[in-house]
Each structure stands twice: as structure tokens, then as C-alpha cells.
Amino acid sequence: MLANKFHRLLVFVLLVLPVLEASVISLGPRHLGGHGIYPLEASVELNITNFDAVLTDSPTTYAIVEFFAHWCPACRNYKPHYEKVARLFNGPEAVHPGIVLMAHVDCALKMNSDLCDQFSVRHYPMLLWGPPTKFVSGKWDSKQEKNEIQPIDDGRTAERLLNWINNKIGSSTVVTTS
């Protein structure tokens, strides 16, 4: 009886687990849903373990952090818009590198729940804007009047988000269709 249970466990570990692990690693939480596999993400994935370090080390003047939940239909629909704008600012092919760090935090992951609470995340997706260092060990509360971290309320498409950013940085960048 014990040998039979051991044999089943061994088969699971050797055959099933690597397949599950590979599918989770290759897809990741942002790739679930009906949109298929997206191109490599331009926005930086943040979580409780790297949030402060990435934002502290960022050479950019500003950061946008998207707080989302991978199960959220609105977040899945918004992802291509956010990534289109992120490609303008992040990565090796960025048109405007070094100005805005665009990142995202999955609030549906248990490890990030305290981080999302810290920034008063109450809906998805939620975008916050500010100097990267102001996010570090910081908080945001919609009831605070004076805060260097601001919500982005008008960024539901790539064009609207880029217009919002352009107004903040004094630019006239446009989104190209690709």
C-alpha cells in the first residue's frame, strides 16, 4: 500500500509537476484569459519582494504603477493598451527611455496584498503616477489632499493614457498603430 502511494507521488513529481510548472512560468498570471499569448511585456513586474528596490534604483523621473488582478476582465482588456504605452518608455526599443518607468503589481497574488492595501487599491485596474522614490515605503490614500503620488483617472485606452502622460511631462508623443 505504501509502495503504491509512493509510486503515484513519484509519477506526479516526475511527469505532471514539470508540465504544470512550465505552463505557469511561460504564461504567467498576465497571460491568462482569452487574449492568447502576448508579446514580451514592456512594463516591469513588481511584487512585495522587489517593489522598493526597483523603484529606488530607477533612473526615471516618473513612474506609473498599475495595480491589477489577473482574474479581472477589465484588467485583461486593458493590458494591451498599457503595454503599448509601456513600449514607448521601457525596454531596449523604447522611443523615450529614462522618462517614465511603467510597472505593474498583481494584487490577486497573496504575497502582494499588503502592498496593494498600502496604496489603498479598491478597484482594478488602478494607475498611480509619481516620482519613483515617493512610492518607496510610501502610501497613497485618495483622501489625502497633498500627495506626490496621483491617481490616473483618464487612461482607459493607450491614446488617453499617453495624452495624460504628455500633459504631465510636456510632450507630444503619439501612439503608433502596430
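In the predicted model, helix α3 passes helix α6 in a right-handed crossing. Two packed helices are described by the angle between their axes and the distance between the axes. For this pair, the angle is about 40 degrees and the axes lie 8 Å apart. Helix α3 covers residues 73-89, while helix α6 covers residues 158-169. Angles under 35 degrees count as roughly parallel, and those from 65 to 115 as roughly perpendicular; α3 and α6 are therefore oblique to each other.

It is worth looking at which residues meet at this crossing. From α3, the contact is made by Tyr 78, His 81, Tyr 82, Lys 84, Val 85, Leu 88 and Phe 89. From α6, the partners are Ala 158, Leu 161, Leu 162, Ile 165 and Ile 169. Sorted by class, the contact of α3 with α6 has 10 nonpolar residues, along with 1 polar and 1 charged.

Each of the two helices also holds a residue that can be followed in detail. In helix α3, this is Cys 75. Its relative accessibility is 3%, and buried means under 20%, so Cys 75 counts as buried. What does Cys 75 touch, leaving aside its neighbours within four places in sequence? The contacts are Phe 68, Ala 69, Tyr 124 and Pro 125.

Once its neighbours within four places in sequence are set aside, Asn 166 is in contact with Ser 171, Ser 172 and Thr 173.

The protein chain has 6 helices and 5 strands. Along the sequence, these elements follow the pattern α-β-α-β-α-β-α-β-α-β-α. Among contacts in the protein chain with a separation of 6 or more, 64% are accounted for by residues 24 or more positions apart.

Finally, the surface can be considered. The accessible surface of the protein chain comes to about 10,500 Å². Carbon and sulfur atoms make up 59% of that surface.

Definitions and conventions. Residues are numbered from 1 along each chain as its sequence is written. This is a predicted model: local features need pLDDT of at least 70, side-chain atom pairs count only at pLDDT 80 or more; totals for chains, interfaces and linings use all residues. Side-chain values use heavy atoms; hydrogens and water are left out. Axes are lines fitted to C-alpha atoms, for helices over the stretch in contact, and angles run from 0 to 180 degrees between N-to-C directions. Helices (H or I, at least four residues) and strands (E, at least two) are DSSP runs, numbered from the N terminus. Angles under 35 degrees count as roughly parallel, over 145 as roughly antiparallel, 65 to 115 as roughly perpendicular and the rest as oblique. A crossing is left-handed if the near helix is turned anticlockwise from the far one by less than a right angle, and right-handed if clockwise. Contact means heavy atoms within 4.5 Å. Ala, Val, Leu, Ile, Met, Phe, Trp, Tyr, Cys and Pro count as nonpolar, Asp, Glu, Lys and Arg as charged, and the others, Gly among them, as polar. Accessible areas come from the Shrake-Rupley method with a 1.4 Å probe; for residues, only the protein chains shown count as cover. Buried means under 20% relative accessible area, exposed over 50%, partly exposed in between (1.4 Å probe, protein chains only).
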